[in-house]
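Good morning, and thank you for coming. I would ask you to look at the structure on the screen while I take you through a few of its features.

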Amino acid sequence: MNALEITDVWKYYGDFPALRSVGLNIAPGSTMALLGRNGAGKTTLLRIIAGLSRPSRGSVKIQGADARDQATRQRIGVLGHGIALYEELSAIENLTLFGRLYGLPDTRKRADEMLERVGLARVRDGLAREFSRGMRQRLAVGRAFLHDPEVLLLDEPFTALDDRAIAVLQSMIQSMRDRGRTIVMSTHQLREALELASHVALLQRGQIVHTGERTPQMLEDTGWLYRTYGDN
Amino acid sequence: MFLRQVWTIAAKDLHSELRTKDAWNASIAFSVVILLLFSFSFDPSSEQVREFSGGLLWMTYAFAGALVLNRSFAREMQNDCLDALIASPVSSAALFVGKSLANFALLFAVELVSLPVFVLFYNLQWGAAQVGPMLLVLVMGTWALTIIGTLFSALTVNLRLRELMLPTLVYPMMIPALIAAITVTTNVLAGSPPGLGIRLLAAFDIIFTLLAVVFVDTVLVG
């Protein structure tokens, strides 16, 4: 069974088709880099996979179940554009809240371990609004990985991160890969994405124009994919 | 599972609000000031005031409620928290009921603070027999305001003019509940039985709670 099965997905905003007949199968344990220029439909596709938006047509199955099933959402981790943290809550309160929503046992312990992992244990009781940008980003990474998701969806994960947050995120993605988790990430940052990816999919104007394994050639010349399969 | 999620969401909203007190301060100040200003505008001892006191009280609560309800889902837009909640295993119904309970608690607390101001400045004579029915109509009327307000707060959360759109959409929907609450409150303050209004309020609460729970997933996810 595929970790993700996307079948003939269309998404319209008014009359505009943001996604046009997107089909994609992702095997368990793969790390898929979803590439494409601005407006190609990467975020729209990730939002549909995450169950944040419904497709106008077509279906998305995660481990064989509907993306909006409660049990499916238990197995997904999402790190989107926003940090998804409550400014007026402390670091530990933010993580404990999401731990409870995901029904984790020993929520406090898990939250404390995660704070240790992202380097925020020292400021566990500090309010999120008092944190620096980098600290907030690391806390957001901790929130997305807290429940040890089987499928991880990352939308532009490296954008605007500071060096330490990038290091934390890369180490956590690496650890997920080593444990056979499935990762889908959309990004502009080809170098970071291609280094982590086992597979790539190129979106162009709402359509998948190429999908396949990441080859050494892509790493040597990051523009090759766009030149070969894209408009230019 | 459902109840635990409801409790977690309600506790989170109350905890956040008690820490910032944004909606609480605005709502309390508004309701107390309006009640005081009206008490100076009319002769509080007149029989006429007794007749429209129920209306005055519920209009004040309805406007004060908008200040609480506007913040309910707007709070989730900061940092895209709403996306994280929708992507989590929390059902839309649990999210909605949790938020409604938190809004109810806040609005009910505002009412309990402003009610003594109302009794004092409008020279109302209260007996022990009126306390029970008054609390009942407050609970039922407040739940009606809350359930409609929370649903429309979710519906208008992405709109640019949501502070304007929420009252514009909510108040027409609240009219049946407001009329019932006003009638019952006026009756109770006059020492009369609550009348049929209390049944209308109960029916409104049940029907709109069920409808909101059924449709909230469509409202949130589209």
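Let me begin with a term: a crossing of two helices is called right-handed if the near helix is turned clockwise from the far one by less than a right angle, and left-handed if anticlockwise. Please keep in mind throughout that this is a predicted model.

With that term in hand, we turn to chain B. Helix H2(B) passes H5(B) in a right-handed crossing. In general, two packed helices are described by the angle between their axes and the distance between the axes. Here, the axes of H2(B), residues 22-41, and H5(B), residues 92-121, come within 10 Å and cross at roughly 20 degrees. Angles under 35 degrees count as roughly parallel, so H2(B) is roughly parallel to H5(B).

Which residues of H2(B) and H5(B) meet? From H2(B), they include Trp24(B), Ile28(B), Val32(B) and Leu35(B), and among their partners in H5(B) are Leu106(B), Val110(B), Val113(B) and Phe121(B). By type, the residues of this contact divide into 12 nonpolar, four polar and no charged.

Let us now consider chain B as a whole. It contains eight helices and zero strands. For a chain of 222 residues, a compact globule would have a radius of gyration near 17 Å; the value for chain B is 18 Å, which agrees. Its C-alpha atoms fill a box of roughly 55 × 30 × 30 Å along the principal axes, and 45% of the residues of chain B count as buried. Of the contacts in chain B with a separation of 6 or more, 84% are between residues 24 or more positions apart.

My next topic is the meeting of the two chains. In total, 21 residues of chain B are in contact with 26 residues of chain A. On the chain B side, H1(B) and H4(B) are the elements that give two or more residues, and H1(B) gives the most, with six. That side comprises eight nonpolar, nine polar and four charged residues.

Finally, is helix H3(A) enclosed or open? All 11 of the 11 residues of H3(A), residues 91-101, are buried, so this helix is largely enclosed by the rest of the structure. Among the buried residues are Ile92(A), Leu95(A), Phe98(A) and Arg100(A). They pack against H4(A) and H5(A), together with H1(B). After H3(A) comes Gly103(A), whose phi is positive, near 65 degrees.

Terms used:
Residues are numbered from 1 along each chain as its sequence is written. Chains are lettered from A and ligands numbered from 1 in the order in which they are written. This is a predicted model: local features need pLDDT of at least 70, side-chain atom pairs count only at pLDDT 80 or more; totals for chains, interfaces and linings use all residues. A residue is buried if 20 or more other C-beta atoms lie within 10 Å of its own, exposed if 12 or fewer, and partly exposed in between; C-beta atoms are placed from the backbone. Helices (H or I, at least four residues) and strands (E, at least two) are DSSP runs, numbered from the N terminus. Two residues are in contact if their C-beta atoms, placed from the backbone, lie within 7 Å. The radius of gyration is taken over C-alpha atoms; the globule rule is 2.2 Å times the number of residues to the power 0.38. Ala, Val, Leu, Ile, Met, Phe, Trp, Tyr, Cys and Pro count as nonpolar, Asp, Glu, Lys and Arg as charged, and the others, Gly among them, as polar. Axes are lines fitted to C-alpha atoms, for helices over the stretch in contact, and angles run from 0 to 180 degrees between N-to-C directions. Angles under 35 degrees count as roughly parallel, over 145 as roughly antiparallel, 65 to 115 as roughly perpendicular and the rest as oblique.
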